[in-house]
Amino acid sequence: MCGIAALLGPIGPDFSMSIAGMAAALHHRGPDAQGAWSGDGVALGHARLSIIDLSPAGAQPMASRDGRWTVAFNGEIYNHLELRAELGGSWRGHSDTETLVAGFATWGFEATLQRCVGMFAIAAWDASRRSLWLARDRMGEKPLHYGVLAGQFRAASEIKALLADGLRPEVDRNSLTLLLRHNYIPAPYTIWRGIAKLRPGHLLEVCQDALDKPLVSRPYWSVDDLTGQKPFAGSDPEAVDRLDAVLRGSVRGQMMADVPLGAFLSGGIDSSLIVALMQAQSPRPIKTFTIGFSEKDFDESAYAADVARHLGTDHTTMQVTAAEALAAITELPAIWDEPFADSSQIPTLLLSRLTRRHVTVSLSGDGGDELFAGYHRHFLFSRMRRLQSRVPLLLRTLAARGITAIPPAGWDLAAAPMRWWKPVGMKAVGDKAHKLAGLLDAPTPDHLYQRMVTHWPAPEDLVIGGHEPPTVLTDGRASRVEDPLSRIQYLDQLSYLPDDILVKVDRAAMAASLETRVPFLDHRVVDFAWSLPTRLKVRDGQGKWILRQVLDRYVPRPLIERPKMGFGVPLAAWLRGPLRAWAEDLLAEDRLRQEGFFHPAPIRQKWTEHLSGRRNWQYHLWDILMFQAWWQHWRRPTPAMLS
């Protein structure tokens, strides 16, 4: 895993120094070595985390033998030995970067990408065409940002490298509306006007003599191509056997490393299956890691320990105090570069730091929910779609008004005598009732899903001068997927997975100089998952049916079966307690008005209601707080940002 940077004309006297500064800003992504190369109006930078071929033969930027291609590469190509066998010839070392460069020289840029199995972000200079090529892996595991700034085209793994010289573009208020909608900013948008994210599965060619022309990327691979494929026609046992084999192959390929390797283990279905497949193919105990919290509702460490004990892994658990978690909050703006409001970033960061003390590479179970229907909203969407088709919109609207006419506290009071009944025995009955009301009057399936993943329902009314731009959730492309469950999985895989989950894991792990790998996102696993009919994903009211069948071969069902907990922190209580003074400072009415991004009144209202305990507005408030903390950090250059 590494950090990459690229610059393309015009040349100034400090051109080589600029690329060195960009690479230095990515030191955390690659602390083992730093490299820079410059040519005629182009420069590439690289910060190296040595994983495969630790010798100087793996150093970057790396040139092809014929001199045409020079490459800065971040990621891993898991099938690079098979590609070497196909390419033939002699080799300087055994790094996958050398294989990649040889592929570009032999097959061309896009054709090589089509052959690769892996995760990557690439900047490659083609001297014959005098153009810079950028590419990002199919599912978006590795990040890549770009833009024309101060007359130069710049590209880098993280935004901090693009702005390492202290330049500050204008905040994109349209993107800010998306943050309030989703708690993240989806690609291609970023918080800065003029800076974009390259979409997953896309490539971009930037010609040296055409920097004034629009930058238009195009896909070399797309989930769209999988949605209409022929369904798997075998029996249920055959499907389970096939998934076991495909996942086993993915895990085996991703265990390739010349450094210590381990895995995150929460004790849930996804991470337990990945660890089980690792242990089944390892001659020694796999190193596994989890963290626990003193707050019981957020602690999965005991479940993880049980699974580790059964599989025989070398397991490490760290109990995290509230003070340690709260201390990490001040670091979030510098690590994530733009406001990012998934609060599970905090435990992910702490887990990554724990893991890096023992290994350099860690596999994770991310992607299982999106591919095999594991989220609560997957089932809720299907039930609400049936309700939409059977109950007229007018009646649903009246029902929603009836529910919201009673305040959440009233619903909580009414449910109190029925705590013994499991459906009512959940917490925050009133909040959940009001959320359900917000779904009842959704006019279309697309509106329904958008409301499910929405925090602030009308962000344009909150952001001064902001207008919400189109995204995959609003541009209508999901209508091509007719099956309700498949449609919501499609949207998850194009937005929530790459723009929230994978961003969270990449930045947290890279801040600790830890490489993470995601076996579920091998594109061959993704392809097979899309071929499966719904009955193999959801059965008897449970999701991930087929994953459970595979896991049953390795881990007893009682060790796994429990309500889905998620990977969170007690944010609501923290905001009323130890974080209250910090939040009050960032949410002060005078401050909000002076900075001029938000209308203060709706924010202050939710803050007051949250502090009183009448409502739980933790997610809405965290969106605002993460922007405010980010703006406080980024509005002017600081030594920490430039180091």
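## Close-up views of a predicted model

**Strand E2 (residues 33–38) and strand E3 (residues 42–48) run antiparallel, joined by six bridges.** Within this pair, serine 38 faces alanine 43 in E3. Helices (H or I, at least four residues) and strands (E, at least two) are DSSP runs, numbered from the N terminus, and two strands pair if DSSP finds at least two bridges between them. What you're looking at is a predicted model, where local features need pLDDT of at least 70 and side-chain atom pairs count only at pLDDT 80 or more, while totals for chains, interfaces and linings use all residues. Residues are numbered from 1 along each chain as its sequence is written, and side-chain values use heavy atoms, with hydrogens and water left out.

**E2 also belongs to an open sheet of six strands.** Follow the strands across and the order is E2-E3-E1-E9-E8-E10, with antiparallel pairing. The edges are taken by E2 and strand E10 (196–197), each with a single partner strand, so one side of each has no neighbour in the sheet. As a quick reminder, strands of a sheet pair through backbone hydrogen bonds, either parallel or antiparallel.

**Zoom out, and the protein chain shows 27 helices and 17 strands.** Its radius of gyration is 25 Å, close to the 26 Å that the globule rule gives for 643 residues, so the chain is as compact as a globular protein of that length. That radius is taken over C-alpha atoms, and the rule is 2.2 Å times the number of residues to the power 0.38. Along its principal axes, the C-alpha trace spans about 75 × 60 × 45 Å. Buried residues account for 59% of the 643; here buried means under 20% relative accessible area, exposed means over 50%, and partly exposed is in between (1.4 Å probe, protein chains only).

**Strand E5 (residues 69–77) is mostly covered, with nine of its nine residues buried.** On one side of the story is strand E4 (residues 62–63), which runs antiparallel to E5 and is joined to it by two bridges. Alanine 63 has threonine 70 in E5 as its bridge partner. E4 and E5 make a hairpin with five residues between them, and glycine 67 in the turn has a positive phi of about 80°. E5 is also joined to strand E6 (residues 118–126) by nine bridges, again antiparallel. There, tryptophan 69 stands opposite aspartate 126 in E6.

**Asparagine 74 sits in strand E5 and reaches for cysteine 2.** This asparagine counts as buried because its relative accessibility is 0%. Its side chain comes to 2.9 Å from the backbone nitrogen of cysteine 2. That is a polar contact: a pair of N or O atoms within 3.5 Å, where within protein one must be able to donate a hydrogen and the other to accept it, and residues adjacent in sequence count only if both atoms are side-chain atoms.

**Glutamate 158 and lysine 160 meet in a salt bridge, 2.8 Å from N to O.** A salt bridge here is a side-chain nitrogen of Lys or Arg within 4 Å of a carboxyl oxygen of Asp or Glu, and by this rule the count comes to 40. Both partners are under cover: glutamate 158 is buried at 1% relative accessible area, and lysine 160 is buried at 10%. They are also part of a salt-bridge network that links Arg29, Lys142, Glu158, Lys160, Asp337, Asp506 and Arg507.

**Arginine 604 and glutamate 584 form a salt bridge, with their closest N and O atoms 2.9 Å apart.** The arginine lies in helix H25 (residues 600–612) and the glutamate in helix H23 (residues 580–586), so the pair ties together parts that are 20 residues apart in sequence. Glutamate 584 is partly exposed, at 29% relative accessibility.

**Glutamate 595 and arginine 635 meet in a salt bridge, 3.4 Å from N to O.** This pair links distant parts of the chain, 40 residues apart: glutamate 595 is in helix H24 (residues 589–595), and arginine 635 is in the loop between helix H26 (618–634) and helix H27 (639–642). Glutamate 595 is buried, at 17% relative accessible area, whereas arginine 635 is partly exposed, at 32%.
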